[in-house]
Amino acid sequence: MREIIIDQNKINLDNGVFFGEGVFETIFFNESPYFLEFHIERLKKALKILNMPPLIEEEKVVEYINKLKLVNKALKITVTEKNIILTTRDNSYTDEMYEKGFNLKISKVLRNSTSIMPRIKSTNYIENILEKRKAAKEGFNDAIFFNEKGYLCETTVSNIFCIKDKKIYTPKCSNGLLNGTVRDWIIRNFKVSKCNITLEELKNMDEVFLTNSLIGIMKVKFIEDIEFNKEDVTNTISNKYREDLLKLEGKG
């Protein structure tokens, strides 16, 4: 039985500390948790993939989460061999960011399409952190990963979607990426082609946007020196997403 640790600095030493053997989920909270069932199921699947003990504490964790009343916050669940760590923080994405859109660089680090690691939320996250920090130092919001075959994957913290002639495209998970909550929502609500996308194809897209549980949907304005001026389809998807969130909150 794991110990459930809430907003504390003290944890039990285990392979999560020594070898990064653990998984996590980051859940957006606005009075209630968004996509909680999806997050819990993805967490359980990741534990199984890593051959770790199952989440027998699920009922207690979900009960605690459903009692929280957080506004525009991020709740992080980290699960290791002996710990379930629950922490909260502010959502750092601002209205100004959504207005300006993101400016992305292309990482020189290649994702390994044969590895299971990019397809789960493992606590082995240092490569993502380093590439995001490097991008920030160079004046970018995030960095894009391609794999060893030259196919688009995702950014350090987000899934990526492209629009060409009003059609929606996103990389296949088999290329080396995580199936995110908002990615899953878009695929369920719109016609999306999951495919291989090269750098040249990406540069010739009409629109590009990013998704994750905290950011929701963020338009991309630049990929290095390539500018994207259109956002019609992105706005349509974003508006539909906001409408559905309001329904989840009981306000729509």
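What share of the contacts in the chain with a separation of 6 or more comes from residues 24 or more positions apart? In this predicted model, such residues account for 68% of those contacts. The legends below begin with the whole chain and then move to its parts.

**Figure 1. The whole chain, with eight helices and 13 strands.** Along its principal axes, the C-alpha trace spans about 50 × 45 × 35 Å. A compact globule of 252 residues would have a radius of gyration near 18 Å, and the chain has 18 Å, so the two agree. Buried residues make up 48% of the 252. The chain exposes about 13,100 Å², with 50% of that supplied by carbon and sulfur atoms. If you are thinking about charges, there are 40 positive and 37 negative side chains, and the centres of the two sets lie 2 Å apart.

**Figure 2. The largest nonpolar core, made of 38 residues.** The members that touch the most others are I144, L152, I186, L202, V208, I223 and I237. Elements giving two or more residues to this core include strand 5 (102–111), strand 6 (142–147), strand 8 (159–164), helix 6 (181–189) and helix 8 (232–248). Strand 10 (192–195), strand 11 (207–212) and strand 12 (216–223) are also among them. Apart from this core lies another, of 20 residues, which includes L47, L68, L75 and V79.

**Figure 3. A close-up of I144 and its contacts.** Neighbours within four places in sequence are left aside here. I144 is in contact with L104, K105, I106 and S107, and also with L152, E154 and T155. I160, L202 and I223 complete its list of contacts.

**Figure 4. L75, a member of the core of 20 residues.** L75 has its place in strand 3 (residues 73–79). Its relative accessibility is 1%, so L75 counts as buried, the cut-off being under 20%. Beyond neighbours within four places in sequence, L75 is in contact with E25, T26, I27 and F29, as well as I65, L68, T87 and T88. For a sense of scale, the C-alpha atoms of L75 and N124 are separated by 19 Å, the two residues being 49 apart along the chain.

**Figure 5. E31 and F35 in the loop between strand 2 and helix 2.** The loop that holds E31 runs between strand 2 (23–29) and helix 2 (36–49). E31 is not a glycine, yet its phi is positive, at about 75°. With 41% relative accessibility, E31 counts as partly exposed. F35, also a residue other than glycine, has a positive phi near 55°.

Technical notes:
Residues numbered from 1 in each chain as written. Predicted model: local features only at pLDDT ≥ 70, side-chain atom pairs only at ≥ 80, totals over all residues. Heavy atoms only, no water. Helix = DSSP H or I, 4+ residues; strand = E, 2+ residues; numbered from the N terminus. Rg over C-alpha atoms; globule rule 2.2 N^0.38 Å. Buried < 20%, exposed > 50% of the residue type's maximum accessible area, 1.4 Å probe, protein only. Contact = heavy atoms within 4.5 Å. Areas by Shrake-Rupley, 256 points an atom, 1.4 Å probe, with all protein chains shown as cover. Lys, Arg positive; Asp, Glu negative; His and termini not counted. Charge placed at Lys NZ, Arg CZ, Asp CG, Glu CD. Core = buried A, V, L, I, M, F, W, Y, C linked by side-chain atoms within 4.5 Å.
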